[in-house]
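Subject: Handover of a model, with notes on its side chains

Dear colleague,

I am passing on the structure below, and after it you will find my notes on what turned up when I went through it. Please read them with the structure open beside you.

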Amino acid sequence: MIEVEVKFAVPEDLNLRALLQTRFGLTCGSCCEESDEYFQHPCRDFDITDEALRIRRSDQAITFTWKGPRLDLLTKTREEREVSFDSTEASAQEASLRAILLALGFTSAGRVHKQRELFSVPWQQQTVTLSFDQVTGLPPFVELEIVCEESEREAATSALLSLASSLGLNQSERRSYL
């Protein structure tokens, strides 16, 4: 699957929540806390290859994710592969995944903690996941995302950029929170 994503720092003068309520009738989304630990490969530099490998712990699950190189210059679109584990044994699963990576020579590249509020926004016959992110040590951000097949990537990109423009978001941020 392809994750088509754009991210923006939320301008101080933009009341994005009011826009979501006025235009889409959305008043509050589902909230969760996420903690991401990123890993560096022992033999290749993910900063150079533009990849990411992480373990995410959230309220609902542990998710092990590899993200491939970005596919364009405007967005954070990339191939993404994930494996999720339910939260019943989250601590043990997270510890095992981390131990396997460290035993194979991977090293921790850092952690990111965030509070996330998720909304589903209907736009151009698609459902866009909109995330308000409050990341420790950073200003508020919003991410717009559609997960799709490669053949749908162009339409998804167009929809996200159109929605961003209509919401007054115009300075995309391609760097990771890390």
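Helices (H or I, at least four residues) and strands (E, at least two) are taken here as DSSP runs, numbered from the N terminus. Please keep in mind that this is a predicted model, in which local features need pLDDT of at least 70 and side-chain atom pairs count only at pLDDT 80 or more, while totals for chains, interfaces and linings use all residues. Residues are numbered from 1 along each chain as its sequence is written, and side-chain values use heavy atoms, with hydrogens and water left out.

I begin with Lys7, which is found in strand β1 (residues 2-9). For burial I use relative accessible area with a 1.4 Å probe and protein chains only, calling a residue buried under 20%, exposed over 50% and partly exposed in between. A salt bridge is a side-chain nitrogen of Lys or Arg within 4 Å of a carboxyl oxygen of Asp or Glu, and in assigning charge Lys and Arg count as positive and Asp and Glu as negative, with His and the chain ends not counted. On these terms Lys7 is buried yet has no salt bridge, since the nearest side chain of opposite charge, Glu143, is 4.6 Å away.

What, then, lies 2.6 Å from a polar atom of the Lys7 side chain? It is the backbone oxygen of Arg175, where a polar contact is a pair of N or O atoms within 3.5 Å, one of which, within protein, must be able to donate a hydrogen and the other to accept it, and where residues adjacent in sequence count only if both atoms are side-chain atoms. The charged end of Lys7 also sits over the ring of Tyr177, 3.8 Å from its centre, the criterion being that NZ of Lys or CZ of Arg is within 6 Å of the ring centre and within 35 degrees of the ring normal. Leaving aside neighbours within four places in sequence, the residues in contact with Lys7 (heavy atoms within 4.5 Å) include Lys76, Phe141, Glu143, Gln171, Arg175 and Tyr177.

Turning to the rings, the structure holds three aromatic pairs, where rings of Phe, Tyr and Trp (its six-membered ring) pair if their centres lie within 6.5 Å, and planes under 30 degrees apart count as stacked, over 60 as edge-to-face and the rest as tilted. Among them is Phe24 with Trp123, whose ring centres are 6.1 Å apart with the planes at 75°, so this pair is edge-to-face. Because Phe24 lies in helix α1 (residues 16-24) and Trp123 in strand β6 (residues 107-123), the pair ties together parts that are 99 residues apart in sequence.

Phe119 and Phe132 form another edge-to-face pair, 5.8 Å centre to centre and with 85° between the planes; Phe119 is in strand β6 and Phe132 in strand β7 (residues 126-135), so parts 13 residues apart in sequence are tied together. Phe119 is buried at 5% relative accessibility, as is Phe132 at 10%, and the charged end of Arg17 sits over the ring of Phe132, 4.2 Å from its centre.

In the loop between β6 and β7, Gln124 has a positive phi of about 50° although it is not a glycine, and Gln125, which has its place in that loop too, has a positive phi near 60°. Most residues other than glycine have a negative phi. Gln124 is partly exposed, with a relative accessible area of 38%, whereas Gln125 counts as exposed at 85%.

By the rule above, the count comes to 20 salt bridges. One of them joins Glu37 and Arg111, with the closest N and O atoms 3.0 Å apart, and it links distant parts of the chain, Glu37 being in strand β2 (residues 30-40) and Arg111 in strand β6, 74 residues apart. Glu37 is buried, with a relative accessible area of 2%, whereas Arg111 is partly exposed at 43%.

Asp133 forms a salt bridge with Arg116, the closest N and O atoms being 2.7 Å apart. Asp133 is buried at 2% relative accessible area, and Arg116 is buried at 9%. Both residues belong to a network of salt bridges that also links Glu34, Asp36, Arg56, Lys114 and Glu143.
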